Amino acid sequence: MLNSEIIEEINSDVLNKNFGSSLTKLTQLIEIFPDHIKLMDMKSNVLVLSQKYDSTVEFCQKCIEKNFISTSIYNNLAIALKQTYDYKLSLYYFKKSLKLEKNHLTYFNLGNLNMEISNFNESLKNYMMAINLNQKFIPSYINASKILVKNNNYVEALKLLNRALKLNIDRGLIFENLGKLFLKVRKYFLAEIYFKKMLFLNPRNSEYLQAVLRGYCYSGESSKYKNLTSYYFKNHEEKPYFNFPQLLKKKFNIGLISPDIRQHPVGYFLKDFVPEITKKLTINVYSTVFYKDHISESISDYTNWKLVGGKSNEELAQQIFKDKNDILIDLSGFAPKNRIKLFKLKPCKLQASWAGWLASTGLKEMDYIIGDTNATPVSDQPNFTEKIYNLQNSWCVYSESELNKNLIKSPQKKDYVVFGCVQRPEKLNRLLLNAWCQILRFRQKSYLQFNNKYYSSNDEMIIKNFFAKNGVEKKRLIFNRCKNRKVYLESFNEIDIYLDTFPYNGGTTSFEASFFNVPILTIKNESHMFRCGESINSLLGNNDWIANDVKDYVLKAQKFSDNKNLYFYKKALVDNPNKKKLFDSKQFSKDFFKMLEDIIQ
(Lines give C-alpha, C1' and ligand atoms only; values in the text may rest on other atoms or scores of the structure.)
Protein backbone atom coordinates (compact mmCIF):
# COMPACT_ATOMS: atom_id res chain seq x y z
CA MET A 1 0.00 0.00 0.00
CA LEU A 2 1.27 3.48 -0.98
CA ASN A 3 2.61 5.41 2.03
CA SER A 4 0.82 8.78 2.34
CA GLU A 5 3.82 10.29 4.14
CA ILE A 6 6.00 9.68 1.08
CA ILE A 7 3.39 11.38 -1.11
CA GLU A 8 3.41 14.37 1.24
CA GLU A 9 7.22 14.48 1.05
CA ILE A 10 7.04 14.51 -2.74
CA ASN A 11 4.43 17.25 -2.74
CA SER A 12 6.60 19.26 -0.36
CA ASP A 13 9.60 18.84 -2.70
CA VAL A 14 7.50 20.07 -5.62
CA LEU A 15 6.30 23.13 -3.68
CA ASN A 16 9.93 23.95 -2.86
CA LYS A 17 10.91 23.34 -6.52
CA ASN A 18 13.17 20.48 -5.47
CA PHE A 19 12.21 18.59 -8.61
CA GLY A 20 15.25 16.30 -8.69
CA SER A 21 14.39 14.82 -5.30
CA SER A 22 10.70 14.39 -6.15
CA LEU A 23 11.52 12.68 -9.48
CA THR A 24 13.93 10.26 -7.77
CA LYS A 25 11.28 9.29 -5.20
CA LEU A 26 8.56 8.93 -7.83
CA THR A 27 10.77 6.72 -10.03
CA GLN A 28 11.50 4.45 -7.04
CA LEU A 29 7.81 4.25 -6.13
CA ILE A 30 6.78 3.39 -9.71
CA GLU A 31 9.22 0.46 -9.64
CA ILE A 32 7.41 -0.81 -6.53
CA PHE A 33 3.89 0.08 -7.77
CA PRO A 34 4.16 -0.22 -11.58
CA ASP A 35 0.37 -0.10 -12.12
CA HIS A 36 -0.37 2.94 -9.95
CA ILE A 37 -1.88 5.57 -12.28
CA LYS A 38 -1.69 8.35 -9.64
CA LEU A 39 2.09 7.98 -9.52
CA MET A 40 2.24 8.18 -13.32
CA ASP A 41 0.19 11.39 -13.21
CA MET A 42 2.43 12.86 -10.54
CA LYS A 43 5.62 12.05 -12.42
CA SER A 44 4.29 13.57 -15.65
CA ASN A 45 3.33 16.71 -13.68
CA VAL A 46 6.78 17.02 -12.10
CA LEU A 47 8.54 16.45 -15.45
CA VAL A 48 6.57 19.33 -16.98
CA LEU A 49 7.14 21.59 -13.96
CA SER A 50 10.88 20.91 -14.15
CA GLN A 51 10.79 21.79 -17.88
CA LYS A 52 12.14 18.39 -18.91
CA TYR A 53 9.98 18.38 -22.01
CA ASP A 54 11.75 15.66 -24.00
CA SER A 55 11.63 13.38 -20.97
CA THR A 56 7.94 14.24 -20.50
CA VAL A 57 7.14 13.22 -24.07
CA GLU A 58 9.04 9.96 -23.71
CA PHE A 59 7.47 9.09 -20.34
CA CYS A 60 3.87 9.96 -21.33
CA GLN A 61 4.08 8.06 -24.60
CA LYS A 62 5.29 4.96 -22.73
CA CYS A 63 2.36 5.33 -20.32
CA ILE A 64 -0.09 5.49 -23.25
CA GLU A 65 1.51 2.43 -24.87
CA LYS A 66 0.93 0.53 -21.62
CA ASN A 67 -2.65 1.83 -21.55
CA PHE A 68 -2.04 4.04 -18.51
CA ILE A 69 -4.30 6.84 -19.69
CA SER A 70 -5.56 9.90 -17.82
CA THR A 71 -6.34 13.55 -18.43
CA SER A 72 -3.04 14.47 -16.75
CA ILE A 73 -1.00 12.17 -18.97
CA TYR A 74 -2.62 13.56 -22.13
CA ASN A 75 -2.47 17.15 -20.88
CA ASN A 76 1.19 17.02 -19.84
CA LEU A 77 2.15 15.29 -23.08
CA ALA A 78 0.37 18.05 -25.01
CA ILE A 79 2.15 20.77 -22.97
CA ALA A 80 5.55 19.17 -23.62
CA LEU A 81 4.82 18.81 -27.35
CA LYS A 82 3.83 22.47 -27.50
CA GLN A 83 7.12 23.44 -25.86
CA THR A 84 9.00 21.38 -28.47
CA TYR A 85 6.98 23.11 -31.25
CA ASP A 86 5.04 20.04 -32.35
CA TYR A 87 1.80 22.02 -32.43
CA LYS A 88 -0.25 19.58 -34.48
CA LEU A 89 0.36 16.64 -32.16
CA SER A 90 -0.02 18.88 -29.10
CA LEU A 91 -3.47 19.92 -30.31
CA TYR A 92 -4.40 16.29 -30.81
CA TYR A 93 -3.53 15.29 -27.21
CA PHE A 94 -5.24 18.32 -25.66
CA LYS A 95 -8.43 17.22 -27.41
CA LYS A 96 -7.89 13.62 -26.24
CA SER A 97 -7.57 14.92 -22.67
CA LEU A 98 -10.81 16.89 -22.98
CA LYS A 99 -12.68 13.82 -24.22
CA LEU A 100 -11.80 12.11 -20.96
CA GLU A 101 -12.67 15.09 -18.78
CA LYS A 102 -13.74 18.71 -19.32
CA ASN A 103 -11.05 20.34 -17.22
CA HIS A 104 -10.39 24.06 -16.87
CA LEU A 105 -6.60 23.61 -16.88
CA THR A 106 -6.71 21.67 -20.13
CA TYR A 107 -8.85 24.35 -21.76
CA PHE A 108 -6.47 27.00 -20.43
CA ASN A 109 -3.44 25.20 -21.85
CA LEU A 110 -5.24 24.65 -25.14
CA GLY A 111 -5.97 28.39 -25.22
CA ASN A 112 -2.26 29.09 -24.74
CA LEU A 113 -1.46 26.80 -27.66
CA ASN A 114 -3.99 28.49 -29.94
CA MET A 115 -2.70 31.92 -28.89
CA GLU A 116 0.86 30.85 -29.74
CA ILE A 117 -0.16 29.75 -33.24
CA SER A 118 -2.21 32.98 -33.70
CA ASN A 119 -5.55 31.18 -33.69
CA PHE A 120 -6.96 33.94 -31.49
CA ASN A 121 -10.69 33.34 -31.90
CA GLU A 122 -10.33 29.69 -30.90
CA SER A 123 -8.01 30.69 -28.07
CA LEU A 124 -10.65 33.06 -26.69
CA LYS A 125 -13.26 30.26 -26.77
CA ASN A 126 -10.86 28.01 -24.85
CA TYR A 127 -10.25 30.59 -22.13
CA MET A 128 -13.98 31.28 -21.78
CA MET A 129 -14.63 27.52 -21.41
CA ALA A 130 -11.96 27.44 -18.69
CA ILE A 131 -13.73 30.32 -16.91
CA ASN A 132 -17.09 28.53 -17.15
CA LEU A 133 -15.57 25.43 -15.55
CA ASN A 134 -13.65 27.30 -12.86
CA GLN A 135 -14.72 30.88 -12.26
CA LYS A 136 -11.92 31.47 -9.73
CA PHE A 137 -9.00 30.65 -12.05
CA ILE A 138 -7.65 34.16 -12.69
CA PRO A 139 -5.10 33.32 -15.46
CA SER A 140 -8.04 32.48 -17.78
CA TYR A 141 -9.52 35.95 -17.25
CA ILE A 142 -6.15 37.61 -17.85
CA ASN A 143 -5.38 35.76 -21.08
CA ALA A 144 -8.93 36.13 -22.40
CA SER A 145 -8.75 39.89 -21.78
CA LYS A 146 -5.44 40.05 -23.68
CA ILE A 147 -7.11 38.44 -26.71
CA LEU A 148 -10.01 40.90 -26.48
CA VAL A 149 -7.58 43.83 -26.30
CA LYS A 150 -5.69 42.45 -29.30
CA ASN A 151 -9.01 42.35 -31.17
CA ASN A 152 -9.67 45.96 -30.07
CA ASN A 153 -12.67 44.82 -28.06
CA TYR A 154 -11.79 47.00 -25.10
CA VAL A 155 -15.30 47.12 -23.63
CA GLU A 156 -15.56 43.33 -23.25
CA ALA A 157 -11.98 43.14 -21.96
CA LEU A 158 -12.85 45.71 -19.28
CA LYS A 159 -16.00 43.80 -18.32
CA LEU A 160 -14.03 40.57 -17.98
CA LEU A 161 -11.29 42.13 -15.82
CA ASN A 162 -13.86 43.85 -13.59
CA ARG A 163 -15.62 40.49 -13.22
CA ALA A 164 -12.31 38.93 -12.14
CA LEU A 165 -11.68 41.82 -9.73
CA LYS A 166 -14.87 40.98 -7.81
CA LEU A 167 -13.42 37.54 -6.99
CA ASN A 168 -10.81 39.26 -4.78
CA ILE A 169 -8.05 36.90 -6.01
CA ASP A 170 -4.68 37.97 -7.50
CA ARG A 171 -5.81 41.60 -7.43
CA GLY A 172 -2.33 42.90 -8.22
CA LEU A 173 -2.27 40.99 -11.52
CA ILE A 174 -5.74 42.26 -12.43
CA PHE A 175 -4.80 45.85 -11.55
CA GLU A 176 -1.72 45.49 -13.79
CA ASN A 177 -3.82 44.37 -16.76
CA LEU A 178 -6.43 47.06 -16.17
CA GLY A 179 -3.60 49.60 -16.22
CA LYS A 180 -2.28 48.17 -19.49
CA LEU A 181 -5.77 48.30 -21.02
CA PHE A 182 -6.24 51.97 -20.16
CA LEU A 183 -2.71 52.68 -21.40
CA LYS A 184 -3.68 51.09 -24.71
CA VAL A 185 -6.75 53.31 -25.11
CA ARG A 186 -4.73 56.34 -23.96
CA LYS A 187 -6.71 56.98 -20.82
CA TYR A 188 -3.52 57.69 -18.95
CA PHE A 189 -5.01 58.91 -15.68
CA LEU A 190 -7.01 55.69 -15.25
CA ALA A 191 -3.89 53.70 -16.12
CA GLU A 192 -2.04 55.63 -13.40
CA ILE A 193 -4.74 54.80 -10.84
CA TYR A 194 -4.61 51.06 -11.51
CA PHE A 195 -0.82 50.89 -11.67
CA LYS A 196 -0.66 52.64 -8.30
CA LYS A 197 -3.10 50.08 -6.89
CA MET A 198 -0.87 47.34 -8.30
CA LEU A 199 2.20 48.95 -6.72
CA PHE A 200 0.50 49.11 -3.34
CA LEU A 201 0.35 45.30 -3.46
CA ASN A 202 3.64 44.76 -5.32
CA PRO A 203 6.10 47.71 -5.26
CA ARG A 204 8.56 46.00 -7.61
CA ASN A 205 6.79 46.88 -10.87
CA SER A 206 7.10 50.66 -10.70
CA GLU A 207 8.36 50.88 -14.29
CA TYR A 208 4.76 50.79 -15.52
CA LEU A 209 4.41 54.36 -14.26
CA GLN A 210 7.04 55.42 -16.78
CA ALA A 211 4.70 54.39 -19.60
CA VAL A 212 2.06 56.67 -18.06
CA LEU A 213 4.62 59.51 -17.90
CA ARG A 214 5.33 59.04 -21.61
CA GLY A 215 1.58 59.15 -22.22
CA TYR A 216 1.24 62.42 -20.34
CA CYS A 217 4.00 63.83 -22.54
CA TYR A 218 2.20 62.73 -25.72
CA SER A 219 -1.02 64.37 -24.53
CA GLY A 220 0.67 67.47 -23.09
CA GLU A 221 -0.75 66.98 -19.60
CA SER A 222 2.11 68.74 -17.83
CA SER A 223 0.53 69.07 -14.38
CA LYS A 224 -0.29 65.34 -14.21
CA TYR A 225 3.21 64.59 -15.52
CA LYS A 226 4.78 66.77 -12.84
CA ASN A 227 2.71 65.19 -10.06
CA LEU A 228 3.53 61.68 -11.19
CA THR A 229 7.29 62.30 -11.42
CA SER A 230 7.14 63.55 -7.84
CA TYR A 231 5.27 60.43 -6.77
CA TYR A 232 7.58 58.15 -8.75
CA PHE A 233 10.78 59.36 -7.13
CA LYS A 234 9.21 59.75 -3.70
CA ASN A 235 8.74 56.00 -3.77
CA HIS A 236 12.41 55.43 -4.66
CA GLU A 237 14.28 57.05 -1.82
CA GLU A 238 17.73 55.67 -2.56
CA LYS A 239 20.19 57.88 -0.70
CA PRO A 240 23.32 59.24 -2.38
CA TYR A 241 26.44 57.89 -0.72
CA PHE A 242 29.34 59.30 -2.76
CA ASN A 243 31.71 62.05 -1.62
CA PHE A 244 33.46 64.07 -4.31
CA PRO A 245 36.99 65.35 -3.69
CA GLN A 246 38.05 68.68 -5.16
CA LEU A 247 39.75 67.79 -8.45
CA LEU A 248 42.57 69.75 -10.07
CA LYS A 249 41.85 71.42 -13.41
CA LYS A 250 42.30 68.90 -16.18
CA LYS A 251 40.78 67.77 -19.41
CA PHE A 252 37.09 67.17 -18.82
CA ASN A 253 35.71 63.67 -18.38
CA ILE A 254 32.04 63.38 -19.22
CA GLY A 255 29.80 60.35 -18.95
CA LEU A 256 26.91 59.58 -21.30
CA ILE A 257 24.40 56.93 -20.26
CA SER A 258 21.65 55.50 -22.46
CA PRO A 259 20.31 52.36 -24.13
CA ASP A 260 19.89 54.40 -27.34
CA ILE A 261 23.40 55.20 -28.59
CA ARG A 262 22.67 53.29 -31.78
CA GLN A 263 20.38 53.62 -34.83
CA HIS A 264 17.93 55.73 -32.89
CA PRO A 265 17.32 59.51 -32.58
CA VAL A 266 19.95 59.73 -29.82
CA GLY A 267 22.47 57.96 -32.05
CA TYR A 268 21.66 60.31 -34.96
CA PHE A 269 22.39 63.30 -32.69
CA LEU A 270 25.69 61.91 -31.40
CA LYS A 271 27.40 60.25 -34.35
CA ASP A 272 29.06 63.34 -35.89
CA PHE A 273 29.12 65.36 -32.68
CA VAL A 274 31.25 62.88 -30.69
CA PRO A 275 34.34 62.96 -33.00
CA GLU A 276 34.32 66.77 -32.72
CA ILE A 277 33.81 67.12 -28.97
CA THR A 278 36.35 64.42 -28.08
CA LYS A 279 39.09 66.62 -29.50
CA LYS A 280 38.68 68.61 -26.28
CA LEU A 281 37.56 66.08 -23.70
CA THR A 282 37.16 62.41 -22.82
CA ILE A 283 33.82 60.62 -22.98
CA ASN A 284 32.85 57.52 -21.03
CA VAL A 285 29.84 55.89 -22.68
CA TYR A 286 27.70 53.64 -20.47
CA SER A 287 25.59 51.65 -22.91
CA THR A 288 22.86 49.81 -21.04
CA VAL A 289 22.11 47.35 -23.84
CA PHE A 290 24.10 44.32 -24.93
CA TYR A 291 24.60 45.01 -28.62
CA LYS A 292 26.14 47.46 -31.08
CA ASP A 293 25.24 48.61 -34.57
CA HIS A 294 27.12 50.77 -37.08
CA ILE A 295 26.41 53.96 -35.12
CA SER A 296 27.52 52.38 -31.84
CA GLU A 297 30.69 51.13 -33.51
CA SER A 298 31.45 54.56 -34.94
CA ILE A 299 30.97 56.34 -31.61
CA SER A 300 32.88 53.70 -29.65
CA ASP A 301 35.99 54.48 -31.75
CA TYR A 302 36.15 57.91 -30.07
CA THR A 303 35.04 57.02 -26.53
CA ASN A 304 35.62 54.68 -23.64
CA TRP A 305 32.71 52.39 -24.49
CA LYS A 306 31.36 50.35 -21.60
CA LEU A 307 28.61 47.73 -22.01
CA VAL A 308 26.88 47.86 -18.63
CA GLY A 309 23.47 46.35 -19.31
CA GLY A 310 24.06 43.54 -16.84
CA LYS A 311 24.96 45.82 -13.93
CA SER A 312 22.51 46.87 -11.22
CA ASN A 313 22.08 50.59 -10.56
CA GLU A 314 24.24 50.28 -7.45
CA GLU A 315 27.06 48.49 -9.33
CA LEU A 316 26.91 50.95 -12.20
CA ALA A 317 26.93 53.92 -9.83
CA GLN A 318 30.14 52.59 -8.25
CA GLN A 319 31.76 52.29 -11.69
CA ILE A 320 30.68 55.80 -12.74
CA PHE A 321 32.06 57.23 -9.49
CA LYS A 322 35.40 55.44 -9.97
CA ASP A 323 35.66 56.80 -13.53
CA LYS A 324 35.78 60.35 -12.08
CA ASN A 325 33.39 61.98 -14.54
CA ASP A 326 33.00 65.75 -14.20
CA ILE A 327 29.41 65.50 -15.37
CA LEU A 328 27.09 62.55 -16.02
CA ILE A 329 24.54 63.12 -18.78
CA ASP A 330 21.38 61.09 -19.16
CA LEU A 331 20.14 60.73 -22.75
CA SER A 332 16.87 58.91 -22.11
CA GLY A 333 14.68 60.42 -19.40
CA PHE A 334 11.63 58.18 -19.15
CA ALA A 335 12.10 56.59 -22.58
CA PRO A 336 12.03 52.76 -22.59
CA LYS A 337 14.93 50.89 -20.96
CA ASN A 338 16.23 54.00 -19.20
CA ARG A 339 18.35 54.09 -16.04
CA ILE A 340 16.78 57.24 -14.56
CA LYS A 341 16.68 55.80 -11.04
CA LEU A 342 20.47 55.50 -11.05
CA PHE A 343 20.64 59.30 -10.85
CA LYS A 344 19.02 59.14 -7.40
CA LEU A 345 22.30 57.64 -6.20
CA LYS A 346 24.18 60.74 -7.39
CA PRO A 347 27.35 58.96 -8.62
CA CYS A 348 28.59 62.20 -10.17
CA LYS A 349 28.84 65.66 -8.64
CA LEU A 350 27.06 67.20 -11.64
CA GLN A 351 24.24 65.44 -13.47
CA ALA A 352 22.29 66.62 -16.51
CA SER A 353 19.49 65.59 -18.84
CA TRP A 354 19.93 66.12 -22.58
CA ALA A 355 18.95 65.04 -26.08
CA GLY A 356 16.54 62.16 -25.45
CA TRP A 357 14.12 63.89 -23.07
CA LEU A 358 13.09 67.54 -23.12
CA ALA A 359 10.65 67.51 -20.21
CA SER A 360 11.70 67.82 -16.60
CA THR A 361 12.69 64.52 -15.00
CA GLY A 362 11.25 65.76 -11.70
CA LEU A 363 14.43 64.49 -10.07
CA LYS A 364 16.09 66.81 -7.57
CA GLU A 365 19.42 65.04 -8.07
CA MET A 366 19.39 66.08 -11.74
CA ASP A 367 21.22 69.41 -11.73
CA TYR A 368 20.67 70.65 -15.30
CA ILE A 369 18.52 70.20 -18.36
CA ILE A 370 20.29 71.21 -21.58
CA GLY A 371 18.08 72.86 -24.19
CA ASP A 372 17.74 76.08 -26.17
CA THR A 373 15.76 79.30 -25.80
CA ASN A 374 12.74 77.92 -27.68
CA ALA A 375 12.74 74.28 -26.54
CA THR A 376 13.30 75.17 -22.89
CA PRO A 377 12.79 78.93 -22.41
CA VAL A 378 13.97 80.34 -19.10
CA SER A 379 10.39 81.44 -18.40
CA ASP A 380 9.65 77.72 -17.96
CA GLN A 381 12.06 77.41 -15.01
CA PRO A 382 9.22 77.00 -12.46
CA ASN A 383 8.19 73.85 -14.33
CA PHE A 384 11.63 72.22 -14.06
CA THR A 385 13.33 70.75 -11.03
CA GLU A 386 16.58 71.04 -13.03
CA LYS A 387 18.32 74.32 -13.76
CA ILE A 388 17.85 75.18 -17.43
CA TYR A 389 20.96 75.74 -19.51
CA ASN A 390 20.23 76.96 -23.02
CA LEU A 391 22.76 76.39 -25.77
CA GLN A 392 23.46 79.21 -28.21
CA ASN A 393 21.65 77.79 -31.24
CA SER A 394 19.80 74.48 -31.13
CA TRP A 395 19.42 72.01 -28.25
CA CYS A 396 20.81 69.36 -30.62
CA VAL A 397 22.23 68.74 -34.07
CA TYR A 398 21.50 65.91 -36.46
CA SER A 399 24.50 63.99 -37.82
CA GLU A 400 24.71 64.77 -41.52
CA SER A 401 26.58 61.53 -42.15
CA GLU A 402 23.32 59.70 -41.41
CA LEU A 403 21.60 61.61 -44.22
CA ASN A 404 22.41 61.76 -47.91
CA LYS A 405 22.33 64.93 -50.01
CA ASN A 406 22.17 62.84 -53.17
CA LEU A 407 18.68 61.70 -52.17
CA ILE A 408 17.30 65.26 -52.19
CA LYS A 409 15.16 66.11 -55.22
CA SER A 410 14.60 69.68 -56.37
CA PRO A 411 11.17 71.15 -55.57
CA GLN A 412 8.65 70.65 -58.37
CA LYS A 413 5.60 72.69 -59.28
CA LYS A 414 2.41 70.59 -59.28
CA ASP A 415 -1.34 71.00 -59.12
CA TYR A 416 -1.92 69.07 -55.86
CA VAL A 417 -0.51 69.17 -52.31
CA VAL A 418 0.87 66.35 -50.18
CA PHE A 419 0.82 66.97 -46.44
CA GLY A 420 3.00 64.61 -44.44
CA CYS A 421 3.15 63.06 -40.98
CA VAL A 422 5.95 60.70 -40.03
CA GLN A 423 5.20 60.59 -36.30
CA ARG A 424 4.33 57.50 -34.30
CA PRO A 425 0.59 56.85 -33.78
CA GLU A 426 0.89 57.57 -30.03
CA LYS A 427 1.41 61.26 -30.84
CA LEU A 428 -1.95 61.60 -32.59
CA ASN A 429 -5.04 62.86 -30.78
CA ARG A 430 -8.59 63.93 -31.59
CA LEU A 431 -7.83 67.68 -31.54
CA LEU A 432 -4.93 67.18 -33.95
CA LEU A 433 -6.89 64.92 -36.32
CA ASN A 434 -9.81 67.37 -36.36
CA ALA A 435 -7.41 70.13 -37.43
CA TRP A 436 -6.05 67.94 -40.22
CA CYS A 437 -9.58 67.16 -41.39
CA GLN A 438 -10.30 70.89 -41.66
CA ILE A 439 -7.12 71.40 -43.68
CA LEU A 440 -7.90 68.61 -46.15
CA ARG A 441 -11.53 69.65 -46.53
CA PHE A 442 -10.39 73.17 -47.45
CA ARG A 443 -7.65 72.04 -49.84
CA GLN A 444 -9.58 69.56 -51.97
CA LYS A 445 -6.68 68.64 -54.24
CA SER A 446 -4.54 67.39 -51.39
CA TYR A 447 -3.44 64.18 -49.68
CA LEU A 448 -2.11 63.28 -46.25
CA GLN A 449 0.74 60.80 -46.23
CA PHE A 450 1.59 58.86 -43.06
CA ASN A 451 4.97 57.20 -43.06
CA ASN A 452 5.90 55.19 -39.99
CA LYS A 453 6.31 51.45 -39.57
CA TYR A 454 4.51 51.52 -36.21
CA TYR A 455 1.07 52.13 -37.74
CA SER A 456 -0.85 48.88 -37.50
CA SER A 457 -3.63 47.98 -39.93
CA ASN A 458 -6.04 48.76 -37.10
CA ASP A 459 -4.49 52.21 -36.59
CA GLU A 460 -4.91 52.84 -40.31
CA MET A 461 -8.56 51.74 -40.23
CA ILE A 462 -9.38 53.93 -37.20
CA ILE A 463 -7.73 57.01 -38.74
CA LYS A 464 -9.37 56.51 -42.15
CA ASN A 465 -12.78 56.05 -40.53
CA PHE A 466 -12.27 59.21 -38.46
CA PHE A 467 -11.46 61.26 -41.57
CA ALA A 468 -14.35 59.71 -43.51
CA LYS A 469 -16.80 60.70 -40.75
CA ASN A 470 -15.39 64.24 -40.98
CA GLY A 471 -15.85 64.59 -44.71
CA VAL A 472 -12.45 63.45 -46.05
CA GLU A 473 -12.37 60.48 -48.44
CA LYS A 474 -10.30 57.53 -47.29
CA LYS A 475 -8.41 57.42 -50.61
CA ARG A 476 -6.83 60.80 -49.74
CA LEU A 477 -4.93 59.17 -46.86
CA ILE A 478 -1.75 57.31 -47.78
CA PHE A 479 -0.02 54.94 -45.36
CA ASN A 480 3.58 54.02 -46.10
CA ARG A 481 5.62 51.67 -43.96
CA CYS A 482 9.09 51.95 -45.44
CA LYS A 483 11.15 48.79 -45.15
CA ASN A 484 14.53 50.50 -44.98
CA ARG A 485 16.03 53.85 -44.07
CA LYS A 486 16.92 54.90 -47.63
CA VAL A 487 13.34 54.52 -48.81
CA TYR A 488 12.11 56.29 -45.67
CA LEU A 489 14.36 59.30 -46.27
CA GLU A 490 13.47 59.47 -49.96
CA SER A 491 9.79 59.66 -49.02
CA PHE A 492 10.34 63.23 -47.74
CA ASN A 493 10.67 64.28 -51.39
CA GLU A 494 6.99 63.43 -51.83
CA ILE A 495 5.87 65.78 -49.01
CA ASP A 496 5.11 69.45 -49.61
CA ILE A 497 4.25 70.47 -46.04
CA TYR A 498 5.23 68.57 -42.91
CA LEU A 499 2.38 68.75 -40.38
CA ASP A 500 3.96 68.68 -36.94
CA THR A 501 2.07 66.93 -34.17
CA PHE A 502 0.90 68.77 -31.08
CA PRO A 503 1.19 69.09 -28.15
CA TYR A 504 4.06 66.59 -28.50
CA ASN A 505 6.22 67.74 -31.42
CA GLY A 506 8.36 65.68 -33.70
CA GLY A 507 12.11 65.67 -33.02
CA THR A 508 14.38 63.84 -35.44
CA THR A 509 11.65 63.86 -38.09
CA SER A 510 11.62 67.67 -38.08
CA PHE A 511 15.39 67.72 -38.64
CA GLU A 512 14.93 65.26 -41.51
CA ALA A 513 12.10 67.30 -43.06
CA SER A 514 14.28 70.41 -42.95
CA PHE A 515 17.18 68.56 -44.57
CA PHE A 516 14.89 67.59 -47.46
CA ASN A 517 13.63 71.18 -47.78
CA VAL A 518 10.15 70.42 -46.51
CA PRO A 519 8.67 73.34 -44.53
CA ILE A 520 7.32 72.44 -41.08
CA LEU A 521 4.02 73.73 -39.79
CA THR A 522 4.07 73.60 -36.01
CA ILE A 523 2.24 75.21 -33.11
CA LYS A 524 3.34 76.97 -29.93
CA ASN A 525 3.43 74.43 -27.14
CA GLU A 526 2.19 75.50 -23.73
CA SER A 527 2.78 72.12 -22.09
CA HIS A 528 6.44 72.86 -21.18
CA MET A 529 7.45 69.63 -22.93
CA PHE A 530 9.06 68.76 -26.27
CA ARG A 531 8.90 72.04 -28.19
CA CYS A 532 11.17 70.78 -30.97
CA GLY A 533 9.11 72.16 -33.86
CA GLU A 534 9.14 75.68 -32.46
CA SER A 535 12.87 75.38 -31.79
CA ILE A 536 13.72 74.30 -35.35
CA ASN A 537 11.47 76.83 -37.09
CA SER A 538 12.83 79.66 -34.93
CA LEU A 539 16.40 78.70 -35.77
CA LEU A 540 15.50 78.61 -39.48
CA GLY A 541 13.86 82.03 -39.22
CA ASN A 542 10.54 80.47 -40.27
CA ASN A 543 8.58 82.12 -37.47
CA ASP A 544 5.56 82.52 -39.73
CA TRP A 545 5.28 78.71 -39.73
CA ILE A 546 4.75 78.66 -35.95
CA ALA A 547 1.02 78.87 -35.25
CA ASN A 548 -0.29 80.56 -32.11
CA ASP A 549 -3.13 78.10 -31.57
CA VAL A 550 -5.10 75.37 -33.37
CA LYS A 551 -7.24 77.84 -35.33
CA ASP A 552 -4.11 79.64 -36.52
CA TYR A 553 -2.51 76.26 -37.37
CA VAL A 554 -5.43 75.43 -39.70
CA LEU A 555 -5.44 78.89 -41.29
CA LYS A 556 -1.70 78.79 -41.92
CA ALA A 557 -1.97 75.34 -43.50
CA GLN A 558 -4.71 76.62 -45.78
CA LYS A 559 -2.66 79.69 -46.70
CA PHE A 560 0.69 77.98 -47.24
CA SER A 561 -0.76 75.09 -49.27
CA ASP A 562 -1.68 77.43 -52.12
CA ASN A 563 0.13 75.88 -55.08
CA LYS A 564 1.15 79.28 -56.42
CA ASN A 565 3.41 79.90 -53.41
CA LEU A 566 4.25 76.43 -52.11
CA TYR A 567 7.06 75.89 -54.61
CA PHE A 568 8.75 79.08 -53.41
CA TYR A 569 8.45 78.14 -49.73
CA LYS A 570 10.29 74.91 -50.46
CA LYS A 571 12.82 76.67 -52.67
CA ALA A 572 13.52 79.15 -49.83
CA LEU A 573 14.54 76.27 -47.57
CA VAL A 574 17.09 75.11 -50.15
CA ASP A 575 18.89 78.45 -49.86
CA ASN A 576 18.24 79.09 -46.15
CA PRO A 577 21.65 79.90 -44.59
CA ASN A 578 20.39 78.99 -41.10
CA LYS A 579 19.66 75.40 -42.06
CA LYS A 580 23.31 74.51 -41.66
CA LYS A 581 23.03 75.11 -37.90
CA LEU A 582 20.78 72.06 -37.57
CA PHE A 583 23.54 69.80 -38.90
CA ASP A 584 26.76 71.65 -38.00
CA SER A 585 28.34 69.28 -35.46
CA LYS A 586 31.56 71.28 -35.42
CA GLN A 587 29.88 74.52 -34.26
CA PHE A 588 27.57 72.60 -31.94
CA SER A 589 30.57 70.99 -30.22
CA LYS A 590 31.96 74.48 -29.54
CA ASP A 591 28.64 75.56 -28.02
CA PHE A 592 28.50 72.36 -25.98
CA PHE A 593 32.06 72.75 -24.69
CA LYS A 594 31.34 76.33 -23.64
CA MET A 595 28.35 75.03 -21.69
CA LEU A 596 30.60 72.53 -19.90
CA GLU A 597 33.07 75.28 -19.04
CA ASP A 598 30.24 77.37 -17.63
CA ILE A 599 28.75 74.73 -15.36
CA ILE A 600 31.74 72.58 -14.33
CA GLN A 601 33.60 74.33 -11.54
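Residues are numbered from 1 along each chain as its sequence is written. Because the model is predicted, local features need pLDDT of at least 70 and side-chain atom pairs count only at pLDDT 80 or more, whereas totals for chains, interfaces and linings use all residues; side-chain values use heavy atoms, with hydrogens and water left out.

Strand β4 covers residues 327-330 and runs parallel to β1, to which four bridges join it. Strands and helices are DSSP runs numbered from the N terminus (E, at least two residues, for strands; H or I, at least four, for helices), and two strands are taken to pair if DSSP finds at least two bridges between them. Strand β1 also pairs with β2 (residues 282-287), again in the parallel sense, over six bridges. Within β2, I283 is the bridge partner of I254, and S287 is that of S258.

Strand β1 itself, residues 253-258, is mostly covered, with six of its six residues buried. Here buried means under 20% relative accessible area, exposed over 50%, and partly exposed in between (1.4 Å probe, protein chains only). The cover extends to both faces: N253, G255 and I257 are buried on one side, and I254, L256 and S258 on the other.

These pairings belong to an open sheet of seven strands in the order β3-β2-β1-β4-β5-β6-β7, with parallel pairing. At its edges lie β3 (304-307) and β7 (387-390), each of which pairs on one side only. Neighbouring strands are turned by 25° against each other on average, direction ignored; axes are lines fitted to C-alpha atoms, for helices over the stretch in contact, and angles run from 0 to 180 degrees between N-to-C directions.

Two helices that pack on the sheet can be described in turn. Helix α18 (residues 313-322) touches β1, β2, β3 and β4, and its direction makes about 175° with that of β2. Contact here means heavy atoms within 4.5 Å. Helix α26 (residues 585-599) touches β1, β4, β6 (368-371) and β7, making about 145° with the direction of β7.

Turning to a loop, S206 is placed between α12 (188-201) and α13 (208-219). S206 counts as buried because its relative accessibility is 3%. The side chains of S206 and E207 are joined by a polar contact of 3.2 Å. Such a contact is a pair of N or O atoms within 3.5 Å; within protein, one must be able to donate a hydrogen and the other to accept it, and residues adjacent in sequence count only if both atoms are side-chain atoms.
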